[in-house]
Amino acid sequence: MIRRWLLLAVCAFTGGAIGWTFMPGNGLPWGLLLGVLLWQLLDGLALQRLLRWLRSEQSHETLLLMARAQPQLPGVWGEVADRVRRLLKKCDQQYGDSQSRLQEFLAALQASPNGVVLLDAQGRIEWCNQIAAQHFGFDAERDIQQHIANLVREPAFNAYLAQGDFSREVVIPGYFSTPARPVKLSVHASAYGDNRKLMLSRDITALEQAEAMRRDFVANVSHEIRTPLTVVAGFIETLQNLPLKKAERERYLALMAQQSQRMQSLVNDLLTLSRLEGSPLPGATEWVASTTLLAQCEQEAGALSSLLAPQGHCLTFEAEQACELAGNASEIRSAFSNLVNNAVRYTPENGVIAVSWTVLADGRGEFRVEDSGPGIAPQHLARLTERFYRVDRSRSRETGGTGLGLAIVKHVAQRHGAELKISSQLGRGSCFRMIFPAVRVRPLASA
Ligand code: ADP
């Protein structure tokens, strides 16, 4: 400020001195006036430069440029310019901070396992993350500012948004849903700000499938138990109400025993499955000899064969190299006997059944059951290990099958890191193989 007045004084003094020197008499006031006018002119020019600098368009980038291109002005205008520059710098810093916070926030939303869409008051997309783009088939950049109703054409979804009752969620098919691979999305909107909406989407396909499987499972179990239960209840009623001869009574009692045996097998298999699902994975500390496993299977298969087929089967059991297998002995035994028993149950009498244990060249161990039975058509192979899936329903029931045998085998294989391979030719026979990883196989000698 002092500089400003000093400049005024210098201008006035110089003007006055010149006037007084060159125009004695009234030259002094004219000189002073001229000096003041000169000062006014210089001051006006400085102000003009400052105004020009400030009037430039004030986008964030211009503000930054302005801060850098601050004019070098003398006196008070220089100070004004300097203060404006400092203010701009502070603004820039605050803008940078809020930008980086916004980016962090968006990165967090981007990392969300759910789809996130922000809608403005008119229902136009303001922002969406990649998961939402995938769920609804958006282009996360191109579709910004597009109305959501133009992109998601599902009537249930549009009714949900229009209704404005966001206390519940709406379930709609995903953008990539096809009849062969259905995708189900659960969408939940919440209102915020001035009628804006936050939309969260969740892929619930697996959940829905699990729920459907649970329902099917309960229905199947009920159905499987109901049939023998009805038979037993019917016989009990007959025995209670009719005066039967001894032979008849015994026949009925035998049928009742058969049906209760069927229920018992079913309950046992269900318990085995639930144990397999609920217990920790078997480690590699417990070892069981392949010969022991094969001997147990042979004994069981022999007994079953003579029970089901009067003329028996041609059964061979062969362990190429005696070794040990790591895992849960009772689980492995149950899987092996399920495969061998199936071969016996489905192969007609006099058929050939070959069971073997082989250590493969890469150290893996293969348990193989091959039969000359009826074989299985290719379309059934992929579904054989599903619970209660049966190809030959009547043969399964006749021979005491529960429809859970191969499901148990698959579980045991998975828990031991083994592969279950099934190959079959209709009319020629089937081959079931369980291949254990090399880490679970060791020669018997090193035990
Ligand atoms: P089940 O108790 O009915 O035998 P599984 O789960 O053990 O149930 O087998 C599923 C179905 O696979 C059986 O119902 C049967 O139709 C078929 N299957 C299993 N093993 C054989 C086999 N060795 N030969 C022919 N069909 C078989």
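## Salt bridges, ligand site and a nonpolar patch

At 51% relative accessibility, Arg83 counts as exposed. Keep in mind as you read on that this is a predicted model. The partner of Arg83 is Glu79, and their side chains meet in a salt bridge with 3.3 Å from N to O. Glu79 itself is partly exposed, at 41% relative accessibility. Because the two residues are 4 apart in helix α4 (residues 75–110), about one helical turn separates Glu79 and Arg83.

How many salt bridges does a search of the whole structure find? The search returns 26. Three of them are set out here.

| Salt bridge | N to O distance |
|---|---|
| Glu79 and Arg83 | 3.3 Å |
| Arg415 and Glu331 | 2.9 Å |
| Arg383 and Glu386 | 2.8 Å |

Arg415 and Glu331 form a salt bridge whose closest N and O atoms are 2.9 Å apart. Arg415 sits in helix α14 (residues 405–415) and Glu331 in helix α11 (residues 329–346), so this pair ties together parts that are 84 residues apart in sequence. Are these two residues buried or exposed? Both Arg415 and Glu331 are buried.

In the Arg383 and Glu386 bridge, Arg383 is partly exposed at 40% relative accessibility, and Glu386 is partly exposed with a relative accessible area of 33%. Elsewhere, salt bridges that share partners join Asp362, Arg364, Glu419 and Lys421 into one network.

Now to the ligand. It is surrounded by 20 residues, the closest being Asn342, Tyr346, Ser396, Gly403 and Leu406. An N or O atom in the side chain of Ser396 is 2.5 Å from an oxygen atom of the ligand. Arg345 places a polar side-chain atom 3.0 Å from a ligand oxygen atom, while Thr402 has a backbone N or O atom 2.9 Å from an oxygen atom of the ligand. On its own the ligand has 530 Å² of accessible area, and the protein covers 98% of that.

On the surface, Ile18, Phe22, Met23, Trp30, Leu33, Leu34 and Leu37 form a nonpolar patch with about 800 Å² of accessible area together. Two elements give two or more residues to this patch: α1 (2–22) and α2 (27–55). The largest share, 4 residues, comes from α2. Met23 lies in the loop between α1 and α2 and is partly exposed, with a relative accessible area of 44%.

A search of the whole structure finds 0 disulfides. For Cys323, the nearest cysteine sulfur is that of Cys297, 14 Å away. Cys323 is buried, with a relative accessible area of 1%, whereas Cys91 is partly exposed at 41% relative accessibility.

Technical notes
Residues are numbered from 1 along each chain as its sequence is written. This is a predicted model: local features need pLDDT of at least 70, side-chain atom pairs count only at pLDDT 80 or more; totals for chains, interfaces and linings use all residues. Side-chain values use heavy atoms; hydrogens and water are left out. Patches are made of residues with over 30% relative accessible area and no salt bridge: like charges are joined within 9 Å, nonpolar side chains (Val, Leu, Ile, Met, Phe, Trp, Tyr) within 5 Å. Accessible areas come from the Shrake-Rupley method with a 1.4 Å probe; for residues, only the protein chains shown count as cover. A salt bridge is a side-chain nitrogen of Lys or Arg within 4 Å of a carboxyl oxygen of Asp or Glu. Buried means under 20% relative accessible area, exposed over 50%, partly exposed in between (1.4 Å probe, protein chains only). A residue is near a molecule or strand if one of its heavy atoms lies within 4 Å of it. A polar contact is a pair of N or O atoms within 3.5 Å; within protein, one must be able to donate a hydrogen and the other to accept it, and residues adjacent in sequence count only if both atoms are side-chain atoms. A disulfide is a pair of cysteine sulfur atoms within 2.5 Å.
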